[in-house]
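The following paragraphs lead the reader through a protein model, from its overall build to individual residues. Please keep the sequence and the structure in view while reading.

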Amino acid sequence: MSAAVSATKDVPFNAQLEEDLTNKGTNNKVVGEADRVPYNEDAEGTESEAEEDPKLELDLGPQFSLKEQIEKDKDDESLRKWKEQLLGSIDVSAVGENKEPEVKIASLTIICPGRPDHILPIPFTSDAKKSIFTLKEGSQYRLKFSFTVSNNIVSGLKYNNVVWKTGLRVDNTKKMLGTYSPRQEPYTYELEEETTPSGLFARGTYSARTKFVDDDRKCYLDTSYHFEIQKSWPKPI
């Protein structure tokens, strides 16, 4: 899943199976032992960070400013054409000499068929315990990100979202968004459509942690929030 729990992931949250097991009086859980992570708001997301072996880190070499990258290998026609394709019509004189790319996540939009788009400005809310949105069980939805890139090319921008319910991790989504060059207009990226789980055990409040990082492990957003899955859509305010 992304912002909500997906019923189509490798480790699905099967509410009906959990309900059947509960009725039989067993203590078995739907979530596997590998995903039995105690909930700790201060430690949210640390297990995903621990999965990344520092020994596997790649040495990407020295960083160059955008101007330096354009000048570098300018006699190589294939590289020059690739850079032109990547950079487009960027005004190089406006980017300066900063070697560090800057990515600002402007908003996250929840798109549900037949319903108005729900735009979540970032930061989400000043009340960390308040649910910022509610989804109906068994409903289709997809997420759309809006972000800007400045200063330099950002390589390998990645989205990671971890979700917990009643102290157990029920979803861990990782998505490679790609490489982007600086420009004034915001980029948008839509994830694949997903379906929220349904059933008595699927309803309730979830906590989540969302991060955007690049290949250099530079983090551009790290935020935690709560949301709900309910039997019906919330009534308009």
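The chain contains 4 helices and 10 strands; helices (H or I, at least four residues) and strands (E, at least two) are DSSP runs, numbered from the N terminus. Along the sequence, these elements follow the pattern α-α-α-α-β-β-β-β-β-β-β-β-β-β. The model is a predicted one, in which local features need pLDDT of at least 70 and side-chain atom pairs count only at pLDDT 80 or more, whereas totals for chains, interfaces and linings use all residues. Residues are numbered from 1 along each chain as its sequence is written, and side-chain values use heavy atoms, with hydrogens and water left out.

Of the 237 residues of the chain, 39% count as buried; buried means under 20% relative accessible area, exposed over 50%, and partly exposed in between (1.4 Å probe, protein chains only). The chain exposes about 13700 Å², an area computed by the Shrake-Rupley method with a 1.4 Å probe. Among the contacts in the chain with a separation of 6 or more, 75% are made by residues 24 or more positions apart, where contact means heavy atoms within 4.5 Å.

Strands of a sheet pair through backbone hydrogen bonds, either parallel or antiparallel.

Leucine 157, for example, has glycine 178 in strand 6 as its bridge partner.

Asparagine 151 is found in the loop between strand 4 (140-150) and strand 5. Its phi is near 75°, a positive value in a residue other than glycine, and asparagine 151 is partly exposed, with a relative accessible area of 23%. Arginine 217 lies in the loop between strand 9 (204-213) and strand 10 (219-230). The phi of arginine 217 is near 65°, again a positive value in a residue other than glycine, and at 41% relative accessibility this arginine counts as partly exposed.

Terms used:
Pairing = 2+ DSSP bridges.
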